Every structure is written in C-alpha cells, then in structure tokens.
Amino acid sequence: ISIVKDAEDRLRKGISSLKERAKTITELVDNAQFFIAERPISINDLARKNLDDNGRDVLERVRQILVSQSDWSSGSLEEALRQLAEQSALKLGQLAQPLRAALTGSTASPSLFEVMQILGRDETLARLDDVLAQLPS
C-alpha cells in the first residue's frame, strides 16, 4: 500500500509540470507514467540508446554524486550535476540524457532536477541501481 501512496504523491507533485507540456489528456497520461511506474521501469528504445558504455559510465559517476547529496532540492541537485559535468569536461546534456533514460524510461520529461526531487532520494537511487544492474559492465 505504501508503494501506491508514494506513486500517488509523486504524481500529485509532478502533474503541474506535465500539464504545461501535454497537448491532450492522453499525452498527459502517457507522460505521467514514469511517476507511478513500478520498478524496474521500462525504457523505450530511443532512451535505451543513451545507455551505452558511455551512458553506464555517466550513470555510475552521477550515482556517486547523488549518494552523497544531503540536500535533495532541485536547485541543489542541479548544482551538483553541473559541477560533475564541468569536472568531467562534459556538457550537462551528456549527463542528463542517460540519467533521464534511467529515471523516466524516456528521452523527454519535465526538468530532470524536478523529477529527481519528486521521485525522492530512495526512488532515484533505486532506479539508477536497476538500470546499472541491467547494463553490461
């Protein structure tokens, strides 16, 4: 029952960002699925392309940063990932696309930092772990 409640809470928190992007109710429902999906989430083919060897490396580095994050606000998460991108000589998008694929199963979502805040620390890290466990090392 707590899983359902958590999913409902995530959906309530994320729906306003989704409404801004959706043109139809059907699109809104489709785009909201990642908030309520049970783990491991399914990843569409387009998003899976971001989970190659480089994507795995990125996700491992992102996970290391996120594990040590005590402030789970979207601003703090954005700052941490921007610093990681800079230190890694990557553009933020090169970090964001594999991370978005792992967390949402798609290549499109509201702000990734907002998504992580809404999913919460435990769910975000668990989704990363699910994807990392599926990728070849």
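This is a predicted model: local features need pLDDT of at least 70, side-chain atom pairs count only at pLDDT 80 or more; totals for chains, interfaces and linings use all residues.
Residues are numbered from 1 along each chain as its sequence is written, and side-chain values use heavy atoms, with hydrogens and water left out. Local features need pLDDT of at least 70 and side-chain atom pairs count only at pLDDT 80 or more, whereas totals for chains, interfaces and linings use all residues.

Reader: Is serine 109 buried or exposed?
Author: Serine 109 sits in the loop between helix 6 (92-104) and helix 7 (112-119); helices here are DSSP runs of H or I with at least four residues, numbered from the N terminus. Buried means under 20% relative accessible area, exposed over 50%, and partly exposed in between, with a 1.4 Å probe and protein chains only. Because its relative accessible area is 6%, serine 109 is buried.

Reader: With which side chain does the side chain of serine 109 make a polar contact?
Author: A polar contact is a pair of N or O atoms within 3.5 Å; within protein, one must be able to donate a hydrogen and the other to accept it, and residues adjacent in sequence count only if both atoms are side-chain atoms. Leaving aside neighbours within four places in sequence, serine 109 is in contact (heavy atoms within 4.5 Å) with Arg21, Arg100, Thr104 and Val115. The polar contact, at 2.8 Å, is with the side chain of arginine 100.

Reader: Why is helix 7 largely enclosed by the rest of the structure?
Author: The buried residues of helix 7 are Leu112, Phe113, Val115, Met116, Ile118 and Leu119. Helix 7 is largely enclosed because its buried residues number 6 of 8.

Reader: How many residues has the largest nonpolar core?
Author: A nonpolar core is a set of buried Ala, Val, Leu, Ile, Met, Phe, Trp, Tyr and Cys residues joined through side-chain atoms within 4.5 Å. In the largest one, the residues with the most contacts inside it are Leu59, Val62, Leu66, Leu99, Met116 and Leu128. Two or more residues each come from helix 2 (25-36), helix 4 (53-67), helix 5 (74-87), helix 6, helix 7 and helix 8.

Reader: With which residues is valine 62 in contact, leaving aside its neighbours within four places in sequence?
Author: Valine 62 belongs to helix 4 and is buried, with a relative accessible area of 0%. Its C-alpha lies 9.1 Å from that of alanine 80, at 18 residues apart in sequence. Beyond those neighbours, the contacts of valine 62 are Leu81, Leu84, Leu95 and Leu99.

Reader: Which backbone oxygen does the side chain of threonine 124 reach?
Author: Threonine 124 lies in helix 8 and counts as buried at 0% relative accessibility. Leaving aside neighbours within four places in sequence, threonine 124 is in contact with Leu66, Trp72, Leu103, Met116 and Leu119. At 3.5 Å, its side chain reaches the backbone oxygen of methionine 116.

Reader: Which element gives the largest share of the lining of the largest pocket?
Author: A pocket is an open set of points on a 1 Å grid over the protein atoms alone, where a 1.4 Å probe fits, with protein on both sides within 12 Å along at least five of seven lines; lining residues have an atom within 4 Å of a point. The largest pocket has about 240 Å³ of space, and of its 16 lining residues the closest to its centre are Asp30, Asn31, Phe34, Thr104 and Ser106. The largest share, 5 residues, comes from helix 2.

Reader: Which residues does a cis peptide bond join?
Author: The loop between helix 2 and helix 3 (45-48) contains proline 40. With omega at about -5°, the cis peptide bond joins arginine 39 and proline 40.

Reader: Is alanine 89 buried or exposed?
Author: Alanine 89 is placed in the loop between helix 5 and helix 6. Its phi is near 55°, a positive value in a residue other than glycine. Because its relative accessibility is 70%, alanine 89 counts as exposed.

Methods:
Grid points are joined across faces, edges and corners, and a volume is the space filled by probe spheres set on the points.
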